[in-house]
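This report looks at one protein model. Please have the sequence and the structure open while reading.

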Amino acid sequence: MSSTANLLDAGLVPYPEALELQRSLAVAVAEGESPDTVILVEHPPVITTGRRTDEATELHIPAGAAVELAETDRGGKSTYHAPGQLVCYPILDLHRHGKDVRKYVRDLEQAILQTLGAFDLAATTIEGLTGVWMPPAGSRGPRKIASIGVRVSRWVTTHGFALNVDLDPAPFTEWITACGLDDAEFTSMTRELGRPVSVTEVKPAAVAALAGVFGLEFGTAASGPAAGPVAATV
């Protein structure tokens, strides 16, 4: 059975603002003042660190690089965000979705797989690793296309996933040891498809996948970072 949820398509939002928005919505969801809410954003270039980040070994940002550095309270290690990446922050009460954090992460992976499948990209997961990958092809090894990092407090989720749509993945390896993976290759939908793909083009597939996996029924209302805990069409 589907449950009513809000969808906020906030556009390009600096990371600190998006973090504060998540926190305020998480309080509202935990207190029963707001239904489950999914936030879709892009971020200006930013490297975020998780609770397990070892900055001494993972961060090697070149001097003068046009990128912010932000500490977060999510799990996981360091990652990179920039325009051309679809970032999804589901603020969900897991009382309604199974009080199981591992299942929640697997469900996020499934939503990403379905989103990529809508573009005929047969992605996969890798045992022991979090996130979504493109499988080996010819001389190319597995390539990470989406990262996941979450926080769960009072059974309400914050943070979420980042899907590389059309951005240069070089900073994942040249500026940081992303996700703590020394030898991982990163990719994007544009690289894998061999044609430009926009975040706007991907949003409807992502929303449909999230609705299906989590049993959500989204309403419609205004969009934008100032809209607060309301719904928005994409």
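This is a predicted model: local features need pLDDT of at least 70, side-chain atom pairs count only at pLDDT 80 or more; totals for chains, interfaces and linings use all residues.

Residues are numbered from 1 along each chain as its sequence is written, and side-chain values use heavy atoms, with hydrogens and water left out.

The protein chain has a mean pLDDT (the predictor's confidence in each residue, from 0 to 100) of 89. Over residues 225-234, pLDDT stays under 50.

A nonpolar core is a set of buried Ala, Val, Leu, Ile, Met, Phe, Trp, Tyr and Cys residues joined through side-chain atoms within 4.5 Å. Buried means under 20% relative accessible area, computed with a 1.4 Å probe on protein chains only.

| Core | Residues | Some members |
|---|---|---|
| Largest core | 39 residues | Leu116, Leu163 and Met189 |
| Another core, apart from it | 19 residues | including Val13, Tyr15, Ala18 and Ala70 |

In the largest core, Leu116, Leu163 and Met189 touch the most other members. Not counting residues up to four places away in sequence, Leu116 touches Leu121, Ala123, Val132, Ile145, Leu163 and Met189; contact means heavy atoms within 4.5 Å.

Helices are DSSP runs of H or I, at least four residues long, numbered from the N terminus. Leu116 is one of the buried residues of α3, and so are Tyr104 and Asp107. Elements covering the buried residues of α3 include β6 (85-91) and α6.

Note on methods:
Buried means under 20% relative accessible area, exposed over 50%, partly exposed in between (1.4 Å probe, protein chains only). Helices (H or I, at least four residues) and strands (E, at least two) are DSSP runs, numbered from the N terminus.
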